[in-house]
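Trainee: I should like to learn how to read the features of a model in order, from its helices to its cores and its backbone angles. Could we work through one example together?

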Amino acid sequence: SSGINAEYGVSTQSTGCLEGALKVKEVSYMHSEGILSGELKHGPLALVDENMPCVLVVLKDQTYDKCHNALQQVIARHCRPITICEQGDDDVQSMSFRSIALPPVVDCLKCILAIIPLQLLSFHLAVLRGLDVDCPRNLAKSVTTE
């Protein structure tokens, strides 16, 4: 494995992907990026191959078609994607190497709900690497002001 993890989403999902990528960096010390699905073809897609772990957030909202297209793009490059999708989305689940199905909620809560498995992913990556998840290095525990 290259040690690089890419997470793809669009719109409000992208903020969840950015948060998930940040947690992977902070806790497991692995490079990770949150990338808009629409930006996938502007460089990041060149890095995708069968050895690159990719997590895609593909939820049924106004961005579904773009995220579904991103899923097809990474599969075309022999990636084995892990998806975070909604229960009952058999199409996305069948295309995924592994999938995490979330219960249906209103659009404004989907990003918040999708963050939970991304945080758990970062936790488990750190544990598998033998790292202390309770004391990540180089993170301030409080904010100081001058």
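Mentor: We begin with a definition: a residue is called buried when its relative accessible area is under 20%, and exposed when that value is over 50%. Please keep in mind that this is a predicted model. In helix α4, the residues that count as buried are Lys110, Cys111, Ala114, Ile115, Pro117, Leu118, Ser122 and Ala126.

Trainee: How many residues does α4 have, and what span does it reach from its first C-alpha to its last?

Mentor: The general idea is to set the actual span against 1.5 Å times one less than the number of residues. Helix α4 covers residues 107–128, 22 residues in total, and reaches 33 Å, close to the expected 32 Å. For α2, with 13 residues, the end C-alpha atoms are 18 Å apart, which agrees with the 18 Å that the rule of 1.5 Å a residue gives.

Trainee: Which elements does the chain contain, and in what order do they run?

Mentor: The chain has four helices and five strands. Starting at the N terminus, their order is β-α-β-β-α-β-α-β-α. Of the 146 residues in the chain, 40% are buried. Among contacts with a separation of 6 or more, 67% join residues 24 or more positions apart.

Trainee: Which residues have the most contacts inside the largest nonpolar core?

Mentor: In soluble globular proteins, nonpolar side chains tend to be buried together. Here the largest nonpolar core has 15 residues, and those with the most contacts inside it are Val48, Cys54, Leu56, Val58, Val74 and Val92. Two elements, β3 (54–58) and α2 (64–76), each give two or more residues to this core. The largest share, five residues, comes from α2. Apart from this core lies another, of eight residues, including Val57, Leu59, Leu102 and Ala114.

Trainee: With what is valine 58 in contact, leaving aside its neighbours within four places in sequence?

Mentor: Valine 58 is in contact with Gln13, Tyr64, Cys67, His68, Ile84, Cys85, Glu86, Asp89 and Val92. Tyr64, Cys67 and His68 are themselves among the buried residues of α2, as are Ala70, Leu71, Gln73 and Val74.

Trainee: Is isoleucine 112 buried or exposed?

Mentor: Isoleucine 112 is placed in helix α4. Its relative accessible area is 54%, so it is exposed, the cut-off being over 50%. Together with Val106 and Leu109, Ile112 forms a nonpolar patch on the surface, with about 280 Å² of accessible area in total. For the chain, the accessible surface comes to about 8200 Å², and 56% of it belongs to carbon and sulfur atoms.

Trainee: What should one look for in the backbone angle phi?

Mentor: Most residues other than glycine have a negative phi. Tyrosine 29 is not a glycine, yet its phi is positive, about 60°. Tyrosine 29 is found in the loop between α1 (12–28) and β2 (31–36). With 23% relative accessibility, tyrosine 29 is partly exposed.

Trainee: Where does histidine 78 lie, and is it buried or exposed?

Mentor: Histidine 78 follows α2 and lies in the loop between α2 and β4 (82–86). Although histidine 78 is not a glycine, its phi is positive, about 70°. Histidine 78 counts as exposed because its relative accessibility is 57%. By way of comparison, α4 is followed by glycine 130, with a positive phi near 75°.

Terms used
Residues numbered from 1 in each chain as written. Predicted model: local features only at pLDDT ≥ 70, side-chain atom pairs only at ≥ 80, totals over all residues. Heavy atoms only, no water. Buried < 20%, exposed > 50% of the residue type's maximum accessible area, 1.4 Å probe, protein only. Core = buried A, V, L, I, M, F, W, Y, C linked by side-chain atoms within 4.5 Å. Contact = heavy atoms within 4.5 Å. Patch = residues over 30% accessible without salt bridge, like charges linked within 9 Å, V, L, I, M, F, W, Y side chains within 5 Å. Areas by Shrake-Rupley, 256 points an atom, 1.4 Å probe, with all protein chains shown as cover. Salt bridge = Lys/Arg side-chain N within 4 Å of Asp/Glu carboxyl O.
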